[in-house]
Every structure is written in C-alpha cells, then in structure tokens.
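Please open the structure in a viewer and keep the selection tool at hand.

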Amino acid sequence: MLHDIPPLAEVRRVTEKKRDAWWTVLLVDPVATPLVRFTARRARWVTPNGITWAALVLGLGAAACFAQGDWRWLLAGAALYHVSFVLDCMDGKLARLTGTGSVFGAWLDYVFDRVRVLFCAVALMGGQYVRTGDVLYVWLALAVVFLDMLRYVDALQIFKIRHGMRKQIKARARQARRAGAEREVAFMEDLLRDNPEAETEVGTRADADAAGADAAGVVAVAGAAADGGPEEAGLPGAAVAPVPTGVVDLHQEFRSRFPWYARFRTFLLRRRIRTHLVSGIEFQMAVFIVGPAVGALVPVTVGAAVLLLVFELAIIYKLLLSTRDFARTLASFDAQEKEERPELPAAA
C-alpha cells in the first residue's frame, strides 16, 4: 500500500548515509532520494538489482557516446554517466528502504561499477586518440583504470587492517575480563560517529575523559598522557595509560599532530560530507563528467589524478599513525597486566 512508505524526511534518514562523498550529497541525493521514494510507492516491481543493471546499461551508453570523440557526443556521454551514477546510488537506497538488499546485490553493484569505469575510460580516451592521434590519451586511459582499481583495493586493505586492530584489542579486553579485571572497551571513532561534535573537544586528556564519560560512561585511555612514560611501553614516545574500562582512540596521534582536523571534520560531518574530499567518486566525476563537459579532458584528468593520490597518501599516513596508537594500546594492556599479576615467591 502507498501509505506504507514513510514521508520524504524519514526516507532521507533511512536511506542516506551519515557520511558520503560531497558529489553525492550535493548533486545526487537531492534527486535520488525522492526518486527512490517514488519508485517504492509507484513501481514496486522495480528491484535494487534491476536498478543496478539499468545503471550499467546507461554507463555503457555513456561509453558509446564517448567513443565518438566529437564534443557533442562527449556532452551526451557526460550526461548519461551522471544519470547512471544517480541510478547507481538509488539501488542501495531502495534496498535499505524496502529491506530487499542482498549480499549478491552488493557484489553486483561493486563489479558493475568497475566495469562501467573500465569501458568509459577506454572509450573516452580511445575516442580522443582516434580523433587526434595523440598517444597521451592511451596513457591517460591506463592511468584512469589503474587509479580506480588502486583506490578500491587500497580502501579494502585499509578496512581489513583497521578491523584486525580492533579485533585484537577486543580480544585483549576479553582476556583481561577472564583474568578477573573489569575491563570494557569502546572505540572513540564509534562514539564520534554518533556524536561528531564531541571531536572538537578531544585533544587533551581532560577533554578526552569528558567526551568519553559523556558518551559512554568510560575513561579515554589509548594515547593519553600517563604517569609512567615511554619507557614502560617499550616504544619511543609511547604514553602508557591504564586500561581498566576505557575508550580506545586509534587516531590520537593524528589528532595531536593536526589539531585543526577535528573542527574541519566536524564542519563537514554536519553536512554529511566525509573528509576524503577526492575519492574514487570525485575522480570518476571529474574524468567522465567535468572534463568532457568543459572541453578540458587532459588537464582535468591529470589534476583529479594528482588530488586522488594526495588524499590516498594522506589516508595511508593516517593509517601509519593509527598503527602506532594500536601498538601503544597493546603495550598499555601489557603494562596493566604486569601491575596486576602477583609476584612469584623467590626460590629458597
């Protein structure tokens, strides 16, 4: 029934991500979300996988336009690519709204995205190579495909590493509880995801304690200043804090080095925009929409590629600092366990 679909404001809350690419937030969601609600109300035969297939077909249509090489066809291809991306965002929203998502649908969406980029890159740059005979376009095609794959492979590996660090910390907390210590662990990033404004207050131990206590009734521990000092952790510059119950902050060192980042991140999150301002989405839009539309394919592609690499390197650097916080957190567990373990009696 039509009355089963909630009002648009509720649809936005259910279907739109808390953090998304600025291109999606500003140029796609205002169109995609009302269309998803309309589809759920008036075209219930449409499925998320069906929209995924439609997005691929339009993406291949954009590639066919790009292959023609003429500026009119480039504009048509750019328009089709944008419509294809709108549909690509609609499939996930419809799945969340109607509860019809599936694991296979997620796989299909991911693979079709890569296929669309591959065909459009080859067609766009190939069409310009045929038109001009400039081999630079061949190299640009290779660069676009490589950077798109690099971005998503890197994101997957970083996710696996972060997940592994969190898993190890939770395991150590469970081990401590089995040993009789009352230890519960929460992660600062989870608390800030629900309350991003609190991040502007996290910088000193007092601020972290206050933010952690307000959010979860626990004390921030990882990376905070401690009475012991670096030597107790066995790590240069490590600050060992007790780990009874606490918030583990795996981004403490990054925030301490870049104190302005918290306010910048909060400013963007209030608008649902993630801080990774040039990711795979923005890169694709620059290459397949902005470049053809303004008639500056080479400079726009090169500029977008440079910005993508800069942001990827920044994420890798942030991961490096996070692994140091992770090592300090494990060291703090070791130090606390050593303090709690009774000394064995000396041999007679």
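Predicted model: local features only at pLDDT ≥ 70, side-chain atom pairs only at ≥ 80, totals over all residues.

Residues are numbered from 1 along each chain as its sequence is written, and side-chain values use heavy atoms, with hydrogens and water left out.

**Aspartate 20.** Select the loop between α1 (8-15) and α2 (22-42), where aspartate 20 is placed; helices are DSSP runs (H or I, at least four residues), numbered from the N terminus. Display Val25, Arg272, Ile273 and Arg274, which aspartate 20 contacts when neighbours within four places in sequence are left aside (contact: heavy atoms within 4.5 Å).

**The largest core.** Next, select Phe66, Tyr81, Leu124, Met125, Phe283 and Phe288, which touch the most other members of the 48-residue largest nonpolar core. Such a core is a set of buried (under 20% relative accessible area, 1.4 Å probe, protein chains only) Ala, Val, Leu, Ile, Met, Phe, Trp, Tyr and Cys residues joined through side-chain atoms within 4.5 Å. Colour α4, which gives the most to this core, with 10 residues. Then centre on tyrosine 81; among the residues it touches are Ala62, Arg116, Cys120 and Phe288.

**Leucine 136.** Finally, move to leucine 136 in helix α6. Is leucine 136 partly exposed or buried? Leucine 136 is partly exposed, because its relative accessible area is 35%, and that class lies between the limits of 20% and 50%.

Key
Helix = DSSP H or I, 4+ residues; strand = E, 2+ residues; numbered from the N terminus.
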